[in-house]
Amino acid sequence: MSSEPRAGAGPRAGTRGKAASFLGGHWIYLFLVLEVIYFSLRTGGFASLNALQILLYYGVQVFLLSIAELFVIATGGIDLSVGYILGFASIISIKFMEWMAPLGLGEPLTVLFGVLATLVVGLIPGLVNGWLVAYLKVPPFIATFSMLGVCHGVSELIINGVYAMGLPKLAADIGSGHFLYVTRGLAPSFFSRPVVDRGVKVLEIVPDIVVVTAVVVCILAFALGRTRFGRHVYAIGGNVDAATRAGIPVKRRLLGVYAMSSFLASLAGIVYAFMYVSGKADAGASLLLDSIAAVVIGGASLFGGTGTVQRTMIGALILAVLDLGLRMAGTPTFDKYILVGVILIFAVVIERYMPEARK
Amino acid sequence: MNGQSAAAGAAGGFLETRAGRALASNWAAFFLIAMFVIFSMTSGSFLSIANFQNVIHLQTLPFLLAAAETFVIITGGIDLSVGFVTGLASVCAARLIQLLLASGMPGAQAVSLSVAAVLVLSLLPGLVNGLVITKFKVPPFIATMGMWGIANGLALKVSNGFPMTGLPDRLPEIGNGYLLYVMPGQFVSFFAKPEGFANSRIRELIRLLPYSLPFILLVLAVLAFVLRRTRFGRHTYAIGGNVDAAIRSGISIDRHLILVYVLSSFLSGMGGIFNVFQTGIGNYTTFNAQYEFFAIAAVVIGGASLAGGKGRIWSSAVGVLVLAFLENGLAISGVQPFYRYIAVGVLLVVAVVIDKIFPDLR
C-alpha cells in the first residue's frame with residue numbers, strides 16, 4: 001500500500017518565506033492564468049466562449065479519470081487500469097444498447113438501461129482491484145496493471161477487432177447536444193436544438209456532457225472534502241496503521257475507492273461512446289499520463305494523504321488549456337507530451353521546495 | 001532458503017517442504033515448461049527450432065528492457081520511460097543515418113557512427129531521470145513518467161509522426177541475419193545466404209542461430225555478472241533492501257541511483273537501435289505498445305518485488321519468455337490473441353501472491 005518516502009526525501013526543514021509558501025500553494029492558479037493569457041495573445045479566438053466550451057467538451061474524459069485517480073492516489077495507491085476500463089465501458093455501453101434495441105423499449109429507456117447496466121458492470125474491475133489490493137495485499141501498481149490487461153483483452157474479445165458501433169441516435173444527440181440554445185427572436189430552448197432556417201445562428205451554451213461532468217465533480221468534491229468517507233480516504237493514505245488503529249474499516253474503504261475509480265472510468269467511457277458514437281478498446285490508452293499528471297500537478301503526493309478535487313481540476317484544466325492552445329496555435333501535438341512531462345516534474349519539485357504552509 | 005516462515009505455514013504443508021519451496025521460487029520456469037508441453041500438444045508447429053528462434057529473436061527488445069527494469073526495480077524504483085526512450089533512440093538513429101547518407105558518407109560508416117552517437121545520446125534520459133530523482137527528490141514513478149511524455153514527444157517530433165524509411169537495405173539483413181544457413185544434403189553457408197540462392201526456395205533453407213541470440217545472451221550474461229558478482233550489483237541490492245543501512249555502510253546512494261537510471265536508458269537506447277536493425281525503419285513507440293509495462297510484468301513474474309531488494313537478470317529473462325511463449329503458443333494454437341492480455345494479468349497476480357506467501361525466497 002502506501003510506501004514510506006525514502007529517507008531524506010521529505011521537504012527540507014528550514015525557514016521558508018511566506019511568499020514561497022504562498023507560491024507553493026497557489027502556483028497552479030497563477031500558471032493557469034498565465035497559460036490562458038499566453039494562448040489568448042498567441043492565437044486569435046482562444047479567448048472565446050466557443051473555445052472554452054470546446055476545451056471543456058474534449059476535456060471531460062481527463063476530468064473524470066483524474067478525479068478517479070485522485071481518490072486512489074489519496075489512499076497511497078495508483079490505478080493504471082482507468083484508461084482501459086474507459087475503453088471497456090465505451091464498448092459495453094454500445095453493446096448493451098444494441099442488444100436492447102430489438103426489445104422495443106423505445107430509445108429513452110434503452111439508453112437509460114444501457115447506461116445503468118454499464119455503470120453496474122463497470123464496478124466489477126474496480127471491485128476486483130480493490131479486493132486484490134485490500135485483501136490479498138497485491139501492490140496497487142501490479143493489481144491495476146493486471147486489470148488493465150484483463151480489460152484490454154475482454155474488450156478486444158467483445159468487439160473482435162473492430163469498433164463497437166450502433167449507438168442509438170438519442171445517445172449521440174445527448175453526446176453532441178447542449179444544455180441551452182439561444183436564438184435571436186426565439187425563446188431560449190433547453191436541451192433540444194430549436195428548428196430554425198438554415199443560416200440562422202443558434203448560440204449553443206454548455207454541452208450536455210459537461211453539465212453531467214460538472215455535477216459529478218461537485219458531488220465528488222463534497223465526498224472527499226466534507227464527508228466521513230473522504231476523511232477516511234485521507235487517513236488511510238496518511239498512515240494506514242494509524243487508520244486501522246483508529247477503527248477505520250481500511251479494507252472496505254479501499255474496496256470502495258477502487259470501485260469508485262472504475263465507476264468514474266466507466267462513466268467516462270459512456271461519455272466517450274456518446275461523444276464519438278463508437279467504442280474501442282484503447283479509447284483511453286493515452287489518457288493515463290494526463291490523468292495522473294493532473295492529480296500530481298494539483299499537488300497530491302503519490303505517497304497518499306493529500307490532494308483535493310478542486311486542485312486536481314485545476315491540474316486537469318492546465319493540461320486541457322495546453323492541449324487546445326497548442327492545437328489552435330497549429331503546433332503539432334507532439335509538443336504537448338514534452339510539456340506535460342516537464343510540468344509534471346516541475347510540479348513535484350515546486351511542492352518539495354515550496355511546501356504550502358499547513359494549517 | 002532455510003527457516004520456516006509463518007506465512008508459508010499458513011499456506012499448507014506441501015509448501016513448507018524443500019520441493020514446495022523450490023517449486024515456488026522457480027514457478028515461472030516450471031510454468032514455462034508446462035506451457036511448452038501444452039502448446040506442443042495443441043499445435044503441431046509449436047515445438048520447432050524455427051518457431052523458438054523466431055520467438056527469441058522477436059524478444060530481443062523485451063529482454064533488454066526487462067534487464068534494464070530489473071536493475072531499477074531492485075533499487076526499489078521504477079522506470080516508466082524505457083518504452084519511449086526506445087522509440088526515441090530508434091527514430092534518432094534513423095534520422096542520423098538519413099542525414100549522414102545524404103551528406104555523402106558511405107553506408108557502413110554512416111550506420112556505425114549513428115549507432116555510436118545514439119548509444120551516447122541514450123545516456124541522457126537516464127541521467128535526467130537520475131538527477132531529478134536524487135537531487136530534486138521526485139518519486140521515480142513521477143520522474144520517469146515525465147520522461148515518458150518528454151521522450152514520446154521528442155520521438156514524434158524527430159519522426160514527424162511517421163515511421164522513418166529510406167535506410168540502407170543492409171540494416172534488416174544484418175538485424176535479421178543468421179549465423180548458419182543449411183540446405184540439407186546440399187550446402188552449409190555461414191553468415192549469409194549463398195550467392196544466387198533463389199528466394200522461391202527460401203522455405204527449404206534451414207536458418208540457425210540468429211545474430212540476435214549471441215548478442216542478447218552476451219548482454220544478459222554481462223548484466224547478470226554485474227548484478228551478482230560486482231560491487232555495483234551488491235550496492236544495487238543494498239539500496240533496494242534497506243536504504244538506511246546502505247547509507248550507513250557508506251554507499252553513495254545518489255551516484256549509484258543515477259548510474260542505475262543511466263544504465264536503464266542506455267539499455268533502452270540499445271533496444272531502439274536493435275529495433276532499427278530488425279525492422280529497417282525508425283519507429284516511434286505507440287501508446288499501445290506498452291513496452292514498459294510488459295517489461296515490468298516480466299520482472300515481477302521473474303520473482304522481483306516492486307518494494308526492491310529482490311530480482312535476478314535470468315529470472316527476468318524467464319519472465320520475458322513466459323510472456324512471449326504465452327502469446328506465441330496461443331496464436332499458433334489458433335486462440336484469440338486477446339486472451340494473452342488477460343493471461344498476463346492473472347500471471348502477475350499469481351507472482352505477487354507467491355511473493356507474499358514466501359517473503360524470504362532468494
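Mentor: Start with helix α12 of chain A, where the buried residues are Leu287(A), Leu288(A), Leu289(A), Asp290(A), Ser291(A), Ile292(A), Ala293(A), Ala294(A), Val295(A), Val296(A) and Ile297(A). Buried means under 20% relative accessible area, exposed means over 50%, and partly exposed lies in between, with a 1.4 Å probe and protein chains only. Helices (H or I, at least four residues) and strands (E, at least two) are DSSP runs numbered from the N terminus. Helix α12(A) spans residues 287–297 and is mostly covered, with 11 of its 11 residues buried. After the helix comes Gly299(A), with a positive phi near 95°.

The model is predicted, so local features need pLDDT of at least 70 and side-chain atom pairs count only at pLDDT 80 or more, while totals for chains, interfaces and linings use all residues. Residues are numbered from 1 along each chain as its sequence is written, chains are lettered from A and ligands numbered from 1 in the order in which they are written, and side-chain values use heavy atoms, with hydrogens and water left out.

Now the chain around that helix. Chain A holds 14 helices and three strands. Its radius of gyration is 21 Å, close to the 21 Å from the globule rule for 359 residues, so chain A is as compact as a globular protein of that length. That radius is taken over C-alpha atoms, and the rule is 2.2 Å times the number of residues to the power 0.38. Along the principal axes, the C-alpha atoms of chain A fill a box of roughly 70 × 50 × 35 Å. Of the 359 residues in chain A, 54% are buried. Contact means heavy atoms within 4.5 Å. Of the contacts in chain A between residues at least 6 apart in sequence, 77% join residues at least 24 apart.

The surface of chain A comes next. Chain A exposes about 15,500 Å², and carbon and sulfur atoms supply 66% of that area. Accessible areas come from the Shrake-Rupley method with a 1.4 Å probe; for residues, only the protein chains shown count as cover.

The strands of chain A form an open sheet of three, in the order β2-β1-β3, with antiparallel pairing. Strands β2 (189–190) and β3 (202–207) of chain A stand at the edges with a single partner strand each, so one side of each has no neighbour in the sheet. Two strands pair if DSSP finds at least two bridges between them. Strand β1 (residues 178–183) of chain A pairs with β2(A) over two bridges, in the antiparallel sense. Leu180(A) has Phe190(A) in β2(A) as its bridge partner.

Val206(A) lies in strand β3 of chain A. Its phi is near 60°, a positive value in a residue other than glycine. Val206(A) is partly exposed, with a relative accessible area of 29%. Lys137(A) also deserves a check: its phi is positive, about 60°, although it is not a glycine. Lys137(A) sits in the loop between α5 (123–135) and α6 (140–159) of chain A, and it is partly exposed at 38% relative accessible area. As background, most residues other than glycine have a negative phi.

Another loop residue, Thr43(A), is placed between α1 (18–42) and α2 (49–74) of chain A. Thr43(A) is buried, with a relative accessible area of 6%. Not counting residues up to four places away in sequence, Thr43(A) touches Gly325(A), Met328(A) and Ala329(A).

In chain B, five of the six residues of strand β1 (residues 178–183) are buried, so the strand is largely enclosed by the rest of the structure. Four bridges join β1(B) to strand β3 (residues 206–210) of chain B, and the two run antiparallel. Tyr181(B) stands opposite Arg207(B) of β3(B). Four bridges also join β1(B) to strand β2 (residues 187–190) of chain B, again antiparallel. There, Met183(B) has Phe187(B) as its bridge partner. The hairpin of β1(B) and β2(B) has three residues between the strands, and Gly185(B) takes a positive phi near 80°.

Finally, Ser40(B) belongs to helix α3 (residues 27–42) of chain B. Ser40(B) is partly exposed, with a relative accessible area of 24%. From Ser40(B) to Gly329(B) is 289 residues in sequence but 8.5 Å in space, C-alpha to C-alpha. Leaving aside neighbours within four places in sequence, Ser40(B) is in contact with Met35(B), Phe46(B) and Leu47(B).
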